[in-house]
Amino acid sequence: MTDRQPLVAGNWKMNGSRASVRSLLDGLCRGVPENGVEVLVCAPFIHIPLAAELLAGSAIGLGAQTVSEYGNGAYTGEISTDMLKDYGCGYVIIGHSERRHILGETNETVARKFRHARDSGLQVILCLGERLEEREAGMTEQVLSEQLDAVIAAAGMECFSGAVIAYEPVWAIGTGRTATPEQAQAAHSFIRLQVARHDDRIADGLRILYGGSVKADNAAGLFAMADVDGGLIGGASLKVDDFLAICQSIG
Ligand code: PGA
């Protein structure tokens with residue numbers, strides 16, 4: 001790994017109660033390692049105020065899992081970047097495959113959200129990843145480039161300065177079927193090269209996380225790869241010991 005600071009982000013998805021958020025964050029705050037890894041939890045909107053309160057003064061950052069592409073106003077049911085910042089959220093996940101494939105977000109929606117979030121000063125974790133049938137048809141690189149190019153076209157390369165990308169093969173998410181370290185490395189280095197075609201410096205500093213069934217027992221192998229700068233963790237981020245073990249296995 002170069003001098004890119006490793007990042008481990010928990011994606012709680014649509015899980016948690018006030019009681020479980022309290023006990024999870026209490027455990028994480030007590031055990032967060034001081035090994036140079038940046039640690040972040042991405043909570044459902046409704047838990048953000050409580051999480052912000054519990055994380056105040058801790059080394060753990062707070063993020064959301066999506067955000068509106070619009071500024072404050074008449075958009076019933078939406079949550080704006082201003083609201084997230086007001087509650088101390090520094091990060092937002094954009095383009096998670098569950099939002100693309102279950103909730104209908106297109107490459108263009110993802111690109112608009114990415115641009116709006118970056119323009120508002122939020123750090124973005126942009127998710128990219130192919131489905132099983134696309135991998136089996138040999139289309140992984142094509143899918144990754146299309147997803148990435150849509151965002152570069154809409155937002156411009158400068159928006160990637162300081163941004164984070166998460167490579168999450170859809171077939172590995174929540175399935176227990178993790179990409180091998182070699183498969184992850186191949187996709188990550190492909191993504192970095194695509195960015196480098198536009199801007200070498202940004203590509204070099206870009207943190208690329210792997211996501212998809214990362215667990216305490218497979219994290220170290222994935223994180224050891226040259227272009228894997230950390231992880232985006234779903235299921236295992238809901239358990240204190242598992243998430244802390246993943247954070248500890250970096251570096
Ligand atoms: P998983 O989810 O770790 O439960 O596979 C990862 C993600 O969807 O971000």
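## A tour from the ligand outward

Start by selecting the ligand, which sits in the second largest pocket. Keep in mind as you go that this is a predicted model.

**Stop 1: the shell.** Now select the residues around the ligand. There are 13 of them, and Lys-13, His-96, Glu-168, Gly-174 and Ser-213 come nearest.

Stop 2: A backbone N or O atom of Ser-213 is 2.7 Å from a ligand oxygen. At Gly-235, a polar backbone atom lies 2.8 Å from an oxygen atom of the ligand. With Asn-11 the side chain takes part: one of its N or O atoms is 3.4 Å from a ligand oxygen. If you then show the ligand's surface, note that the ligand taken alone exposes 280 Å², of which the protein buries 97%.

**Stop 3: Ser-213.** Stay with Ser-213 for a moment and look at its backbone. Ser-213 lies in the loop between β7 and α10, the latter spanning 219-223. Its phi is positive, about 55°, although Ser-213 is not a glycine. Is Ser-213 buried or exposed? Ser-213 has a relative accessible area of 9%, so it counts as buried, the cut-off being under 20%.

**Stop 4: Lys-13.** Next, select Lys-13, another of the residues that come nearest to the ligand. You will find Lys-13 in the loop between β1 (7-11) and α1 (18-31). Check the backbone here too: Lys-13 has a positive phi of about 55° and is not a glycine.

**Stop 5: Arg-207.** Move to strand β7, residues 207-211, where Arg-207 lies. Which side chains does Arg-207 contact? One is that of Glu-38, joined to the Arg-207 side chain by a polar contact of 2.8 Å. Another is the side chain of Tyr-91, with a polar contact of 3.1 Å. Despite its charged class, Arg-207 counts as buried, because its relative accessibility is 10%.

**Stop 6: Leu-55.** For the last stop, select Leu-55 in helix α2, which covers residues 48-55. Leu-55 is buried because its relative accessible area is 5%. To get a sense of scale, draw a line from the C-alpha of Leu-55 to the C-alpha of Ala-196: these residues are 36 Å apart in space and 141 residues apart in sequence.

Methods:
Residues numbered from 1 in each chain as written. Predicted model: local features only at pLDDT ≥ 70, side-chain atom pairs only at ≥ 80, totals over all residues. Heavy atoms only, no water. Near = heavy atom within 4 Å. Polar contact = N/O pair within 3.5 Å; in protein donor to acceptor, adjacent residues only side chain to side chain. Areas by Shrake-Rupley, 256 points an atom, 1.4 Å probe, with all protein chains shown as cover. 1 Å grid on protein atoms, 1.4 Å probe; cavity = no way out; pocket = protein on both sides within 12 Å on 5 of 7 lines; lining within 4 Å. Sits in = over half its atoms within 2 Å of the grid points. Helix = DSSP H or I, 4+ residues; strand = E, 2+ residues; numbered from the N terminus. Buried < 20%, exposed > 50% of the residue type's maximum accessible area, 1.4 Å probe, protein only.
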